[in-house]
Amino acid sequence: MATRIDMPQLGLTMEKGTILQWLKAEGETVDKGQPVVLIQTEKVEYEVEAPAAGTLLKVIAAEGTELPVGGLMGIVGQPGESLTALLGAAPAPAAQAGAAAPAPAAAPAAVQAPIAAPERAPGERVRISPVAKKLAQEHGLDINTITPTGPEGRIVREDVERAIAARKAAPAAAPAAVPESIPLAGIRKVIFDRMGQSWREVARVTMFADADMTEMVRLRQAQGAEWERRFGVKPSYSDLIHLAVARALREEPRINCRLDGQAVRIRREINLAFAVDLGEGLVAAVIRDADRKSLGDLTRAARDLADRARAGLLNPDDMADGTFTVSNLGGLGVEGFTPIVNQPQAGILGVGRIMDKPVVLNGGIHIRSMVTLSLVFDHRLIDGAPAAKFLAKVKALLEQPAWIG
């Protein structure tokens with residue numbers, strides 16, 4: 001019996017998705033649960049599995065097509081089956097400009113020869129499995145240079161492993177060339193639209209504070225090995241800052257708000273979002289109920305989200321319903337910056353580099369480990385006084401970390 005492959009609803013807020021790549025071609029056999037099409041919703045890529053075993057009888061929507069949730073993407077069934085009942089009087093699908101439906105699969109060869117790394121137009125998607133993508137990212141490989149041997153020119157794990165071995169055996173190469181053009185598509189288009197909207201709509205105010213991290217640095221140096229033994233992972237300074245921000249939001253809940261129609265809604269749950277760099281863009285992964293988590297639980301949650309984000313394995317729910325965001329560029333050497341509010345949230349905290357600086361303390365000059373915090377908030381929703389209290393609370397929690405267990 002023929003079965004529809006519909007655009008799934010991967011999160012409560014998902015309304016539409018874009019077909020990035022058909023992993024199977026018309027006429028190819030598929031097993032139930034086998035990935036058949038790769039879609040993108042917001043900043044997440046997701047492999048949709050075949051709902052039944054059989055043959056991919058019809059590709060309804062071509063690569064690059066945007067469909068609403070529930071939209072028909074393709075049909076799986078047995079060769080020769082009538083598709084009238086599923087298609088009805090629907091017109092033949094029209095491919096999005098520049099996109100074409102996959103061609104029927106050719107008869108398989110006894111042994112598939114390696115496919116040469118193809119010439120790709122700027123912005124053209126590289127066909128690569130999630131496992132291979134994660135491995136390439138871990139080793140800093142440019143996936144555009146990897147020779148694929150998988151079905152339909154897809155890069156698989158073995159291709160990445162060969163590229164890693166080849167790089168180890170080869171002399172150091174020159175840095176990869178910077179592309180002349182980066183299309184506004186996929187994750188770049190999402191960032192383009194959302195940041196522009198936030199910049200136009202938010203009444204931005206920024207407050208700065210320098211926090212003395214000297215005692216926090218000492219605490220991490222003294223407890224790091226013990227934390228790693230207890231938690232299975234060593235908390236980073238970002239994890240400690242996340243913990244402090246979550247507690248400050250609990251104690252100063254006025255900042256944890258959003259616009260809800262004609263009212264300012266104070267959120268009771270604290271879902272802390274944090275920025276993860278993917279190379280081609282940023283995503284904001286969300287640690288749910290961050291204020292209720294111990295240091296170990298929060299650290300493990302953040303590490304899991306960051307690892308899955310870089311491997312392209314986040315689900316839409318992993319980025320949904322954040323109530324406040326932390327963006328930390330300290331690891332890249334940035335001393336301070338003013339991030340853009342991630343709407344519909346009302347505030348975001350920028351965190352700079354922890355640096356040794358001369359500081360006047362108790363009438364003398366001392367070298368202390370300092371970090372610059374920048375709180376950006378929407379002044380339409382949050383007044384200056386509660387914002388200042390929240391920033392002061394974060395600063396106090398970082399400077400006096402005895403409360404951390």
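Modeller: Happy to. A helix axis here is a line fitted to the C-alpha atoms over the stretch in contact, and the angle between two axes runs from 0 to 180 degrees between N-to-C directions. Please keep in mind that this is a predicted model.

With that, let us take helix α6 and begin with its partner α7, which spans residues 295-310. The two axes come within 10 Å and cross at roughly 120°. Angles from 65 to 115 degrees count as roughly perpendicular and those over 145 as roughly antiparallel, and α6 and α7 are therefore oblique to each other. Their crossing is right-handed. If you want to click on the residues that touch, select Asp239, Leu240, His242 and Leu243 on the α6 side, and Leu295, Leu298, Thr299, Ala302 and Arg303 on the α7 side. Sorted by class, this contact of α6 with α7 holds 5 nonpolar, 2 polar and 2 charged residues.

Now turn to the other partner, helix α8. Here α6 (residues 237-251) meets α8 (residues 384-399), with axes that come within 9 Å and cross at roughly 135°. That angle makes α6 oblique to α8. This crossing, too, is right-handed. From α6, the contact draws on Leu240, Ile241, Ala244, Val245, Arg247, Ala248, Leu249 and Glu251. From α8 come Phe390, Lys393, Val394, Leu397 and Leu398. By class, the contact of α6 with α8 has 10 nonpolar and 3 charged residues, and no polar ones.

For the surroundings, step back to the chain for a moment. It has 8 helices and 17 strands, and 43% of its 405 residues count as buried. Among contacts with a separation of 6 or more, 64% are between residues 24 or more positions apart.

Strand β2, residues 16-22, is mostly covered, with 5 of its 7 residues buried. It runs antiparallel to strand β7 (residues 66-68), joined by 3 bridges, and Gly17 has Leu67 as its bridge partner there. Strand β2 also pairs with β4 (residues 35-41), again in the antiparallel sense, over 4 bridges; in that pairing Trp22 stands opposite Val37.

There is also an open sheet of 4 strands, in the order β1-β8-β6-β3, with antiparallel pairing. Its edge strands are β1 (3-6) and β3 (29-30), each pairing on one side only. Between β1 and β8 (residues 72-77) there are 4 bridges in the antiparallel sense, and Ile5 stands opposite Gly74.

Leaving aside neighbours within four places in sequence, Thr29 is in contact with Lys24, Gln34, Gly54 and Thr55. Of these, Gly54 lies 25 residues away along the chain from Thr29, with their C-alpha atoms separated by 5.7 Å.

Note on methods:
Residues are numbered from 1 along each chain as its sequence is written. This is a predicted model: local features need pLDDT of at least 70, side-chain atom pairs count only at pLDDT 80 or more; totals for chains, interfaces and linings use all residues. Side-chain values use heavy atoms; hydrogens and water are left out. Helices (H or I, at least four residues) and strands (E, at least two) are DSSP runs, numbered from the N terminus. Angles under 35 degrees count as roughly parallel, over 145 as roughly antiparallel, 65 to 115 as roughly perpendicular and the rest as oblique. A crossing is left-handed if the near helix is turned anticlockwise from the far one by less than a right angle, and right-handed if clockwise. Contact means heavy atoms within 4.5 Å. Ala, Val, Leu, Ile, Met, Phe, Trp, Tyr, Cys and Pro count as nonpolar, Asp, Glu, Lys and Arg as charged, and the others, Gly among them, as polar. Buried means under 20% relative accessible area, exposed over 50%, partly exposed in between (1.4 Å probe, protein chains only). Two strands pair if DSSP finds at least two bridges between them.
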